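Dear colleague,

I am handing over the structure we spoke about, and it is placed just below. After it you will find my notes on what turned up in it.

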Protein chains: 2
Amino acid sequence: MPSQRREHMVMGAYVSYGTGHHAASWRHPASDTTATRNLGHYVEVTRLAEQHLFDTLFLSDAPAVFNDDRAGFGGRVTFFEPLTLMSALAMVSQDIGLVATSSTTYKEPYNLAREYASLDIISEGRAAWNLVTTSKQAAARNLGLPSHPAHAERYRRANEFIDIVQGLWDTWEDDAFPADKAKGRFYDPAKRHELRHRGSVFSLDAELNVSRPPQGHPVIVQAGSSEAGRELAARTAEMVFTAQPDLESALVFAKDLDRRASRYARLNPDVIILPGLTVYAGTTEKEAREKVEELQSLIRPEFGLSMLSDLVGGFDLSSCDIEGPLPRLPPSNANTSRRALIERLAYDEGLNVRQLYERMTTSRGHMTLIGSYDAVTDEIVRWFESGAADGFNIMPPLLPESLGDFSENILPRLRHRGVFKRRYRPGTLREKLGLRRPENRYVTQNVTTSEGEHHHAR
Amino acid sequence: MPSQRREHMVMGAYVSYGTGHHAASWRHPASDTTATRNLGHYVEVTRLAEQHLFDTLFLSDAPAVFNDDRAGFGGRVTFFEPLTLMSALAMVSQDIGLVATSSTTYKEPYNLAREYASLDIISEGRAAWNLVTTSKQAAARNLGLPSHPAHAERYRRANEFIDIVQGLWDTWEDDAFPADKAKGRFYDPAKRHELRHRGSVFSLDAELNVSRPPQGHPVIVQAGSSEAGRELAARTAEMVFTAQPDLESALVFAKDLDRRASRYARLNPDVIILPGLTVYAGTTEKEAREKVEELQSLIRPEFGLSMLSDLVGGFDLSSCDIEGPLPRLPPSNANTSRRALIERLAYDEGLNVRQLYERMTTSRGHMTLIGSYDAVTDEIVRWFESGAADGFNIMPPLLPESLGDFSENILPRLRHRGVFKRRYRPGTLREKLGLRRPENRYVTQNVTTSEGEHHHAR
């Protein structure tokens, strides 16, 4: 069993879902039902997360209506566009990392490279891009594609896409702008570089019109857990967000990812592994269970079924008997890893349809811990110390309440155990996380000091 | 001659170019040469513009390196991506409208509709989209298109593009979210609408995943002055940004646009016409001329030539004799109206190459007023009262200095003359400008009160 991978846990606050990750959270008496379109709500959540030293704020995304039931039950159908929201939230925060999700299938590399470079400048080096290939069929209809591209095709595009984006971020060297007023020379043409890319998906000669980001490259995050997803993560991701339902599978995942990454000469701590984690905790286990039950009681069965339909790839399950088994499903090209989990729970562990959707409404396949504050703390420490995780992307069931509860009751216990920090480290998100700053590919020689300062020699 | 079109002038602050609109402004002793990548600079400019009651902040854009000379003379080669910058600036302002430019040729309607809807929510109803088709050849290389699409093709796409974007903004009716916690119904499925578009460029069935923007639709701005550009503006634009070198041509333009707009049943004040305006003013005309000379002396001839090359469509003029005439140019599919202006100045008015680039470095073909504060004020009032303009998009040669100078010396004079406001009107940008809020196309009947409140009846 591998041992603890780093001194302190990395803690993310995954806050996309307005009123919280539980699918019925919007019905909770404490919820602000305008949360998904209320900037004030996000400002409050951001300040809360930063006050408690979360490393990152995480926003998921897809170019399609979310959690789509078509009957009006789902509380997160609309949402802010994540780059604009993150740019606004950058203005009310100083230290927290800003992880926004964007799809390589439904955007263009040039536009995306600009947006993240700009966010990195706006936030003074706190931008991160969670690269996804998008698993929603509706995205193709929205964008006018004949069909949602197959999984292999999406990953072929994603692999070229990220190479282009990272190449574009190197268009201008860090010191390309001497801005010599006396001589009238603003930039040094020798420090401007055109990216020439010839691939099977993209062919372009491009120069970014944004200066090199403060971090060199915004931090690369990935969430794909399929074979192609893991391989792309191993090659390029610096943070991997993953759904692992238990410690055993998380250890297998971490070991597999480390092995793949080492083939690209990338070693821990080059890749930070963050499983998603939903916590229901209280002074006693009974109190924690009551928090779960309070939210579970708010799920209408019709909504549970439609959410499950969506998660397995858009097949209509509305006529299922909720107390019966999950029917066998036809093949799909949507999110393969989550569907595989649902099928395993249904066919191998024998969960019925109601149990499946209840499991999914709490955490959508991510680990869920239910127990006393002490017991939850123990389990989190166990994952961290075993090397199954470098930290967690916390998915609060109810926002901002559950985030506050976790911050005030679990984080102090983790700090007491010596695995969570007492203050932010100075500098950019990379510097805070201990990730190296990528050298510009066009600079032929360089010396990097251990303090993270960079000296370029040509 | 038409008379004054509205009570107060609409005043825009066009602030894209970092250190200012004059091409050599970055060499001025007062300039911050990091301005194009310095958020603090933009925060300062935004606060200055809002303090002086400018109606809009205006950011131009193209997906390519700007003012490109390749020799290092140009001071604005890199820049913030405008949607992320505007979202950040929304957080440090309360009243000023936020006009960001985006290209219909190099973006997708779904992504763009999301971004502007999100900015509109973030800014509480202050977003505006300046629709351009992009005239930079380099954009095609950056995005990987085989070539920059021809003018007619760009406008065919633009016409469908805006219809899709406006349709997407109507996906959710204003009151689509009753969020009934007791019944568990978050949204009303009858108030959710799929856009079905079948055109020669786009074919899609789409639903936006952002709620209806506070303004219904962000304000539509356009800057094209070609035949196709005017026709698109007449059909869809609520604000037209135009380059008019003198009052006579501005009057012809306004009359032409009014005539075209009336064919779409759109009448003044549905369309606000804002010519660009560069002002060099001082207590005396001599002082104003010194301000011009100070900046003109900073232009290197090599840079003047390369800027002119860029403006006429990318033809290399570097071997021209600057004291000689402009050579005849081969056809181009770039910005036709600006090129026509340059050709007119060269071939009809006989300006030599140096005179051409000097004219362009100060204002890129927009009106330039040089004179005492009183004389400049008189001329601005004359344009406004003659009906040639509803106001101006002010292009400060030097930022923030020229914006401050205009604000402190010209605006008080305009206020004294009764043509500029004393305070912001309350409400969204539409309400401040007196533009009607578009009804949702899927709402069959409606009653709008004169106070701008909206009552929907089905």
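**Two crossing helices in chain A**

In this predicted model, helices H12(A) and H13(A) cross each other in a right-handed sense. The contact between them is made on one side by A:Tyr373, A:Asp374, A:Val376, A:Thr377, A:Ile380 and A:Val381 of H12(A), and on the other by A:Asp405, A:Phe406, A:Asn409, A:Ile410, A:Arg413 and A:Leu414 of H13(A). Sorted by class, this contact has 7 nonpolar, 2 polar and 3 charged residues. Helix H12 of chain A covers residues 373–386 and helix H13 of chain A covers residues 401–416, and the two pack at an angle of about 60° with their axes 9 Å apart. Because angles from 65 to 115 degrees count as roughly perpendicular and those under 35 degrees as roughly parallel, H12(A) and H13(A) are described as oblique to each other.

**How the two chains are related**

Chain A is superposed on chain B by a rotation of 180°, with 0.0 Å of shift along the axis and an RMSD of 0.0 Å. This is the relation of a two-fold axis. Which residue of chain A comes closest to that rotation axis? It is A:Ala88, whose C-alpha lies at 2.3 Å from the axis. As for the interface, 100% of the interface residues of chain A are also interface residues in chain B, so the copies meet through the same surface.

**Aromatic pairs**

Over all chains, the structure holds 34 aromatic pairs. One of them is formed by B:Tyr42 and B:Phe79, whose ring centres are 6.0 Å apart and whose planes stand at 70°, so that the pair is edge-to-face. Since B:Tyr42 lies in helix H1 (residues 39–51) of chain B, while B:Phe79 lies in the loop between strand S2 (56–59) and helix H2 (82–90) of that chain, the pair ties together parts that are 37 residues apart in sequence.

**Backbone details**

The peptide bond that joins A:Leu399 and A:Pro400 is cis, with omega about 0°, and A:Pro400 has its place in the loop between strand S11 (391–394) and H13 of chain A. In chain B, a cis peptide bond runs from B:Leu399 to B:Pro400, with omega near 0°, and B:Pro400 is found in the loop between strand S11 (391–394) and helix H13 (401–409) of chain B. Finally, A:Glu124, a residue other than glycine, has a positive phi near 55°; A:Glu124 is located in the loop between helix H3 (109–122) and strand S4 (127–132) of chain A.

Definitions and conventions. Residues are numbered from 1 along each chain as its sequence is written. Chains are lettered from A and ligands numbered from 1 in the order in which they are written. This is a predicted model: local features need pLDDT of at least 70, side-chain atom pairs count only at pLDDT 80 or more; totals for chains, interfaces and linings use all residues. Side-chain values use heavy atoms; hydrogens and water are left out. Copies are superposed by least squares on the C-alpha atoms of residues with pLDDT of at least 70 in both. Contact means heavy atoms within 4.5 Å. Axes are lines fitted to C-alpha atoms, for helices over the stretch in contact, and angles run from 0 to 180 degrees between N-to-C directions. Helices (H or I, at least four residues) and strands (E, at least two) are DSSP runs, numbered from the N terminus. Angles under 35 degrees count as roughly parallel, over 145 as roughly antiparallel, 65 to 115 as roughly perpendicular and the rest as oblique. A crossing is left-handed if the near helix is turned anticlockwise from the far one by less than a right angle, and right-handed if clockwise. Ala, Val, Leu, Ile, Met, Phe, Trp, Tyr, Cys and Pro count as nonpolar, Asp, Glu, Lys and Arg as charged, and the others, Gly among them, as polar. Rings of Phe, Tyr and Trp (its six-membered ring) pair if their centres lie within 6.5 Å; planes under 30 degrees apart count as stacked, over 60 as edge-to-face and the rest as tilted.
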